[in-house]
Amino acid sequence: MSDIAIEVRDLVKYYGGRCVLDGVSLQVRRGCIYGLLGRNGIGKTTLIRILLGQEPASRGRTFVLGTESMQLDARTRGRIGYVAEGHHLLQHYRVGHLVRLCRRLSCQWNQPFFDKLNETFRLPMERRVRELSTGMRAQLNLALAMAIDPEVLILDDPTLGLDTVARWQFLALAIDVIQRDGRTILFSSHILSDVERIADRIGILAGGKLVVDCSLEELKRRICKVQIIFAESPPDDLPLTGIIRQQRSGTEVIITVANWDAAKRAVVEAFRPQHVAEIPMTLEDLFIECTNPVRMPTAV
Amino acid sequence: MWTLIKREIDDSRAFFITGAAYTISIIVFVISNVYSGGLSSKSMSGWPILPMLVWAMVLFSGMGAKQMYMDKTRRISCFLSTLAVTRSAIFTARVITGVLLIVMTLLPVTAAWIIILKVVMPPIPLYQAMFVAGVRTVLLLSLASYSLGLLTGWAPGRVVPVLGGTTLALILIPLVILKGSGMETAVILVLVTAVSLIRSRQHFISTPL
């Protein structure tokens with residue numbers, strides 16, 4: 001059995017002549033929680049839909065559990081749990097009816113786990129899906145996706161529409177799922193604190209490319225924001241490679257730089273600044289730096 | 001597969017009820033005619049066969065169109081394909097359900113016809129052959145109408161899915177009237193059915209959900 005649960009090879013996707021995904025490649029190992037980030041309309045959902053075989057790729061190949069996405073058979077599909085953005089459930093069904101349908105159409109159904117989720121979410125079995133609030137629909141979708149005991153769980157903005165308590169419950173459940181041997185989660189979210197809390201690897205899509213694909217610790221180590229204060233006016237150009245962003249204000253220069261190390265620090269020190277300090281960055285800061293349209297192109 | 005078929009039947013309950021009502025009304029009509037005016041080939045020639053046929057075509061093409069159109073608007077396959085189900089299985093279950101509707105609607109009518117004809121017509125092989133050809137044509141016409149419904153139901157917009165299948169199905173009726181219920185008509189109907197089904201399946205499986 002391969003160690004790779006999800007693989008994307010040089011994926012290209014055009015929509016009406018516009019290149020949404022431009023040569024994206026990534027691998028998600030078994031047991032990994034992969035957080036896929038990117039601004040609205042950048043192609044996260046498209047990437048996920050291509051992975052699930054719901055959308056053909058313009059070029060490139062994608063694999064889930066070793067099977068090419070467009071050739072996913074029923075058995076392999078049964079090992080993948082999916083929560084879609086917007087929660088496309090059968091709106092005209094009653095919740096209980098939908099649950100029974102999913103149970104019958106699943107390869108394996110973990111009833112005790114579903115009962116536990118139901119206890120947490122308190123799903124109204126007699127109501128129609130369309131009568132549920134967005135939050136309740138999200139919870140139902142999550143419960144259905146998790147109850148099939150998936151080897152791979154793909155979540156497209158799963159906490160969208162959930163209140164804070166439900167979000168925390170979801171994250172706890174996601175951790176619970178991952179703790180079962182070999183489970184893999186790929187999830188996209190706009191709530192970076194959620195990603196920061198549970199993801200152990202981060203991918204950031206920007207301009208159709210995967211500009212970041214590493215662990216959160218590595219990302220924090222590799223990208224650094226440095227505040228440099230000069231006695232007089234700063235030099236016009238700092239001869240550093242990997243500058244993502246540069247802000248100037250009087251004698252102060254703040255640079256966001258990839259692969260910050262002693263050698264780069266020595267280059268800065270050569271200009272005899274008064275003060276050089278590294279500014280701690282949160283995932284939100286890192287995300288803004290990596291997805292800012294005016295940033296200089298640097299792969300991390 | 002059974003779960004998918006059951007789901008399709010559940011979603012198309014209205015069509016099955018309409019089909020049953022159609023069947024019952026025809027049988028009631030025939031029985032009432034038998035009791036009121038007796039039964040002869042002459043009295044049978046005045047029966048409204050064409051409206052009966054048109055109603056059946058509208059019902060079957062409507063069923064096909066509704067299955068595909070509702071799938072598209074309610075994103076049914078989009079959800080089902082995230083379970084342990086392939087799009088091919090969804091389509092197969094859909095077609096089986098359609099065929100089931102056709103059989104359930106036409107079988108009692110055919111049985112009623114057989115009984116009546118046994119009573120009315122003399123046991124001449126020519127009449128029997130005509131009856132078999134008639135039943136075959138109606139069955140193939142129904143399948144063709146249903147397939148055309150499936151084909152147009154997946155088309156973009158609202159007008160073509162709602163009216164396209166029925167319009168195309170109704171075009172087939174003059175063909176049957178003009179060419180009769182011979183083998184040529186059967187071949188044409190089989191081809192229409194096959195092409196519509198193949199194209200519908202290919203379209204359904206390859207379209208982004």
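1. Of the chain A contacts that link residues at least 6 apart in sequence, 71% are between residues at least 24 apart. Please keep in mind as you read on that this is a predicted model.

2. Next, the make-up of chain A. Its secondary structure comprises 10 helices and 14 strands. The C-alpha trace of chain A spans about 70 × 40 × 35 Å along its principal axes. Chain A has 300 residues, and 43% of them count as buried.

3. Now to the place where the two chains meet. On the chain A side, 21 residues are in contact with 16 residues of chain B. Two elements to look for on the chain A side are helix 2 (74–77) and helix 3 (95–104), each of which supplies at least two of the residues that touch chain B. Sorted by class, the side of chain A that touches chain B is made up of 10 nonpolar, 6 polar and 5 charged residues.

4. A word on confidence in chain B. The average pLDDT of chain B is 85, and 94% of its residues score at least 70. Where in chain B is confidence lowest, and where is it highest? The lowest is in helix 3 of chain B (residues 41–44), with a mean of 64. The highest is in helix 9 of chain B (residues 183–206), at 91.

5. Lastly, the scores for the complex as a whole. The predictor gives an ipTM of 0.77 and a pTM of 0.79 for the complex.

Notes: Residues numbered from 1 in each chain as written. Chains lettered and ligands numbered in written order. Predicted model: local features only at pLDDT ≥ 70, side-chain atom pairs only at ≥ 80, totals over all residues. Contact = placed C-beta atoms within 7 Å. Helix = DSSP H or I, 4+ residues; strand = E, 2+ residues; numbered from the N terminus. Nonpolar A, V, L, I, M, F, W, Y, C, P; charged D, E, K, R; others polar. Buried ≥ 20, exposed ≤ 12 C-beta atoms within 10 Å, placed from the backbone. pLDDT = per-residue confidence, 0-100.
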